[in-house]
Amino acid sequence: MEKVYWLDQIKLQDRAKIGDKAFYLSRIVQRGYSVVPGFVVSAEVLREFLESINNSESLAADLPDSSLYLDVANWRQLQLVAGRLRQEIIAANLPQTWVSAIMAAAKEWQTKYLILRPSLSVSHTHQGVGNTSGLLESVFCAYDEDAIATALKRTWSQLFRAKSLLYWQRMGIDLQQINLAVLVQPIQNAIASGSLNVNPSGWTIEATWGLGIAMTRGEVLPDMYYIQQETGMVLEKHLGNKLLSYGLDDGAETFNQSILPSVVTDENTGLVAQLVAEDKQQKYALTEPDLQRLIALANQLVSELGKSFTVKWTLVDAESIPQFQITEVSNPPSAIPNVPNNVQLIKGLGAATGKVSATAYVINTPEKPENIPQGVILVAPAIAPDWLSLLHQVVAIITTQGGLTSHAAILARELGIPAVVSAKDATALIQTGEQLLVDGDRGEVYRLRESKNSNGENQPVNAAVSAFPLSPALERTPLPMIATQLLVNLSQPSLIERSQSLPVDGVGLLRSELMLLNILEGQHPNNWLLDGRRADLLELWSQQIMQFVRAFAPRPVFYRSLDWRFHEFPSLSHTSTTASHSILGDRGTFTYVNNPPVFELELAALAAVQKAGYSNLRLLLPFVRSVAEFSFCRHKVEQAGLTQTSQFQVWIMAEVPSVLFLLPDYVKAGVEGISIGTNDLTQLLLGVDREQGQLTKVYDERHPAVMGAIAQLIQMATKAGIPCSICGQAPAMYPEIIDQLVEWGITSISVEPEAVERTHKAIARAEQRLLLAAARQKLH
């Protein structure tokens, strides 16, 4: 390692060596802006290090000259290769002269702690690399030789995580094209931290207390400010849910462990996590003067960086007034590189996270199409559940109708693809074949106009894909232990492999009607029975269920029996003459009373799974209107022999409001547990159809009536001595309510696979807060 590159001395020709993050920051430093000082360990140093690993059996030694082609569909192989590469890098020795050079350079800061930020650039590519913040994370360490050596190797090793290797291959990027440098900076305590996102559609500011780590890790919901770019006026602001803040263990009273029992310290990094006082949680992290100074800074940066960029900042103590320091400059997640004026924006509701760019496939009618091309963005008025088999072909969904709990939203979240719903006039504005970028996080659809190539022909604009929908089972940092059970909602066998290794206690909701669409061949089960194919359907049905039960054994699988709403399955041939287009129509256990043979067949399929030796199956009855309906179903369950297995239980979905008055009677009749379905409960309590996106402000699970009903159900279940779960969309969409659910005594929470990790963290925070509150009360 010949030298380090100081931010205030970096030149244009250094960009490939020091990476984009450091290069952008150096431009701002050299123009006089307040930036946290730093220097860069160049990408050449990583190449030298890999070449120095001379073990003949080492995979890492071949990396400088290897493309490392992997079968990324083989998760097991991917994990093994990634794990071995990272172990080799961490175990290898770093030359002492390198560590000494870093120590000497950082000495002038007189700091106890450093932060190492990955700074990436990719050679010989014309496409956007996208936002790699989820792949490459900053590493904290003490100002100490051993700590620095370990932190540097940890930073480099992230390049070879399983999810990183998958990302590079899916993006068509060869490892030899990747230049990974490391930006080294001192770190100090902050009053507040956040981000400033500037793009042509408007400015947004996010802010939280302390260092920005809580935001990066998704442990808080930051304050949000929406700014009008022309005037700098604050159009709207929302108070976040800032329960946690991070600082440094520098001996200051603010983070003194002996004074505040709510502190958790990481001795290796010096980071201190502290619960924010309740009165402080109700305040915005930025005072009005600080907010105005940040807006003024944004206006200055526009003249330097253009109309599309993201800045991360910290607010630190200074002699007179707090000072903003820039810590990072980058292209915003949804920016279109080099063509800011070549984009049209359509706004909607972000219903499923992720960002992806592809061509549009527009359907203007509500009828299910016969087929959909592979790899397109589907644009339609609405999505019915029976479209599920076709949705495996698409990479994102846009609908003009529907809310956050619409079928389009739920299906997209389960399939792990981005979705924007209630995007007004999308089917009229967008044409098939048009290039789009869908941002499911922000609820934005970018129409990328075509540009002319050198021959005068139209060609699509290359858009940045800021995130590839990665399997959450790939690689996670260790999660804290929790007492509240966390379960997962599923319906598709294709998601079993990725979901079974998630940190969950089982399947809280197996949606049978969606699962069954894979085998019904477009025919209602009634038609199978009328055609004399009962045995065939029984075998297929039991095999479908067994895939889930086998994969999660011995963890429980809560199978929700069929809840047909025939207007939602228009392509399914059926014999019912009473099918209604209402949510209050022919559905739930009422259909079992009216048509017992299909329910009896369903129970026979469950019994076949039990006879195969699996005892982890549970039954969840949907949309139960009366005790009489439940008693009828309970009798059928006993006739099928399911209760002969001691672990088997019969639960009901608590979604029809009458359960608020009848739960004690249900328990007497044999209900052994309830699962709160917030989707139906909310629309029935508030009189709102969840498919109507224009009523989003009315359809809100946080409404006092809904939250009051949930609290009452939990209390009634506790009093009756039965477990109470919740499996609607509310906990995943509004993590802030998890505090109340845990405090009220919820037994388990079930969410979509993509929400598992953030829900786990939210539960851990809620439980920690309750324990600390109890400890404080005991002290007083």
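User: What makes the contact between the side chains of Arg-634 and Glu-638 a salt bridge?

Analyst: Their N to O distance is 3.3 Å. The term asks for a side-chain nitrogen of Lys or Arg within 4 Å of a carboxyl oxygen of Asp or Glu, so 3.3 Å qualifies. Just so you know, this is a predicted model, where local features need pLDDT of at least 70, side-chain atom pairs count only at pLDDT 80 or more, and totals for chains, interfaces and linings use all residues. Residues are numbered from 1 along each chain as its sequence is written, and side-chain values use heavy atoms, with hydrogens and water left out.

User: How do you know that Arg-634 and Glu-638 are separated by about one helical turn?

Analyst: Both sit in helix H19 (residues 627-639), and they're 4 residues apart, which means about one turn. Helices here are DSSP runs of H or I with at least four residues, strands are runs of E with at least two, and the numbering starts from the N terminus.

User: Why is Arg-634 called buried and Glu-638 partly exposed?

Analyst: Buried means under 20% relative accessible area, exposed over 50%, and partly exposed in between (1.4 Å probe, protein chains only). Arg-634 comes in at 15%, so it counts as buried. Glu-638 has 40%, so it lands in the partly exposed class.

User: What makes Glu-137 and Arg-161 a salt bridge?

Analyst: The closest N and O atoms of Glu-137 and Arg-161 are 3.4 Å apart, and that's inside the cut-off, so the pair counts. This one links distant parts of the chain, 24 residues apart: Glu-137 is in the loop between strands S3 (113-122) and S4 (139-142), and Arg-161 is in the loop between helices H5 (145-157) and H6 (162-170).

User: Which parts does the salt bridge between Arg-447 and Glu-434 tie together?

Analyst: The side chains meet at 2.5 Å, N to O. Arg-447 belongs to strand S22 (residues 444-448) and Glu-434 to the loop between helix H12 (426-429) and strand S21 (435-439), so parts 13 residues apart in sequence are tied together. Both Arg-447 and Glu-434 are buried.

User: How many salt bridges does a search of the whole structure find?

Analyst: It finds 22. There's also a network of salt bridges linking Lys-21, Lys-312 and Glu-328.

User: Why is Thr-327 called buried?

Analyst: Its relative accessible area is 8%, so it falls under the buried limit. Thr-327 lies in strand S14 (residues 323-330). Looking past its neighbours within four places in sequence, its contacts (heavy atoms within 4.5 Å) include Leu-25, Arg-117 and Lys-312.

User: What makes His-760 buried?

Analyst: A relative accessible area of 6%, so the buried label applies. His-760 is in helix H25 (residues 756-779). Beyond neighbours within four places in sequence, it touches Leu-479, Pro-480, Ile-482, Leu-486 and Pro-503.

User: How do you know that strand S25 and S26 pair?

Analyst: Pairing needs at least two bridges found by DSSP between two strands. S25 (residues 485-490) and S26 share 3 in the parallel sense, so they pair. Val-488 stands opposite Val-507 in S26. S26 is also joined by 3 bridges to strand S27 (residues 557-560), again parallel, with Leu-510 opposite Tyr-559 in S27. Strand S26 (residues 507-511) is mostly covered, with 5 of its 5 residues buried.
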